[in-house]
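Visitor: I would like to learn how to read the features of a model. Could you take me through one?
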Amino acid sequence: MASPTPDAGRDPAHAALGWAVHARGGDVAAEVLRRLDGQPPIEVLGSIAAADRLATQVVGRFLATGEGATEVEHAQLSGPGALVNAIDLPALIKAYLAWREATIAIVDEEGARLGSPESLIAEAHHVIARSSDASIVRMAREFDLERRRLEDALSAERVKLAHQVMHDCLTGLPNRTLLYDRIARALAAARRYGGSVAVLFVDLDGFKDVNDGHGHETGDRLLSVVAERVSTAVRPSDTVARLGGDEFIVLCERLEQPAEALAVAERVLGALRAPFALPAGEATLTASIGIALAEPGEAPDEVVGRADQAMYAAKRRGDALEVARRPDAPASIA
């Protein structure tokens, strides 16, 4: 609904018909809304009516003076193309075609009233048709761009939500759901290709004192630093997850020798020995780690459960490390 750019004579007949059409912009808008009969949602009818009124005025001004649409007017006339979330494309095209028919009817009516030459009426019809065709193309382009923008935004939101579902909101580490999925995959790969799988259950000692004494905000920052330190201490192929509170899991897969899990645990302990900076000074934390080597046929929660028991055994004895052992399938990690 924007004016084309063909040259036109500016004799009195052009001026009279052009300004007469210009003055009927409101009538055209009303007629378009009548023809649409409320089919588009009511919240977009105002935008359609405004574009119809402006488009009619632009065409009338062009017939009268030869002046085309300004950049601001082009932007306003493209506005309905951004209504992709409120109206479908066929309905929007119907609105544009209704504008063309209504504007042609106004030209015929005003031309008959003014006694305009048939050649001028035909020229005005041609201007309206070209304006309508160009506007539909531009509108469809705007419509498509807006649709793509909305699809991209929706896709990004889906990715964000999927990440939130599978990751801890505080540390960004995998949560229990993602961890158990990775353990299951690691166990399946071990059955098929060989190698060992180990789960390290890491529990901080003394975190509650820091959290209670310095506040939950400081405790959250401390947990984030712990997550970073543990992540840098493990191998690139390992998974570090947070179960909640001050409990972390390290999944070691594709181990050539079970003793590699012990080496990973030692590095984690070493990373946690350095003091942690707090607003009121420094804090030193220790950790207890339970290690469980996966047994054939075990489920992820069973491996994690045995690592959890080993961690508590280490904590009761005051040791930093404990390896879970099963009487029916002893596992050596030395």
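Guide: We will go through a helix pair, a sheet with its strands, and a glycine in a loop. This is a predicted model, where local features need pLDDT of at least 70 and side-chain atom pairs count only at pLDDT 80 or more, while totals for chains, interfaces and linings use all residues. Residues are numbered from 1 along each chain as its sequence is written, and side-chain values use heavy atoms, with hydrogens and water left out.

Visitor: How is a pair of packed helices described?
Guide: Two packed helices are described by the angle between their axes and the distance between the axes. Helices (H or I, at least four residues) and strands (E, at least two) are DSSP runs, numbered from the N terminus. Axes are lines fitted to C-alpha atoms, for helices over the stretch in contact, and angles run from 0 to 180 degrees between N-to-C directions. Here the axes of helix 1 (residues 12-22) and helix 6 (residues 118-166) cross at roughly 50 degrees and come within 11 Å. That makes helix 1 oblique to helix 6; angles under 35 degrees count as roughly parallel, over 145 as roughly antiparallel, 65 to 115 as roughly perpendicular and the rest as oblique.

Visitor: Which residues make the contact?
Guide: Contact means heavy atoms within 4.5 Å. Helix 1 contributes Ala 13, His 14 and Leu 17, and helix 6 contributes Leu 120, Ile 121, Glu 123 and Ala 124.

Visitor: How do strands of a sheet pair?
Guide: They pair through backbone hydrogen bonds, either parallel or antiparallel. Two strands count as paired if DSSP finds at least two bridges between them. In this model five strands form an open sheet with mixed pairing, in the order 2-3-1-6-7. Strand 2 (239-244) and strand 7 (321-323) are the edge strands, each pairing on one side only. Neighbouring strands of this sheet are turned by 20 degrees against each other on average, direction ignored.

Visitor: How many bridges join strand 1 to strand 3?
Guide: Seven bridges join strand 1 (residues 196-205) to strand 3 (residues 247-255), and the two run antiparallel. Val 199 has Leu 251 of strand 3 as its bridge partner. Strand 3 also pairs with strand 2 in the antiparallel sense, over five bridges. There, Ala 241 stands opposite Ile 249, and Gly 244 stands opposite Glu 247. The hairpin of strand 2 and strand 3 has two residues between the strands, and Gly 245 takes a positive phi near 55 degrees.

Visitor: Is strand 3 enclosed or open?
Guide: Buried means under 20% relative accessible area, exposed over 50%, and partly exposed in between (1.4 Å probe, protein chains only). Seven of the nine residues of strand 3 are buried, so strand 3 is largely enclosed by the rest of the structure. In strand 2, five of the six residues are buried.

Visitor: And where is Gly 172?
Guide: Gly 172 sits in the loop between helix 6 and helix 7 (176-193). Its relative accessible area is 33%, so Gly 172 is partly exposed. Leaving aside neighbours within four places in sequence, Gly 172 is in contact with His 163 and His 167.
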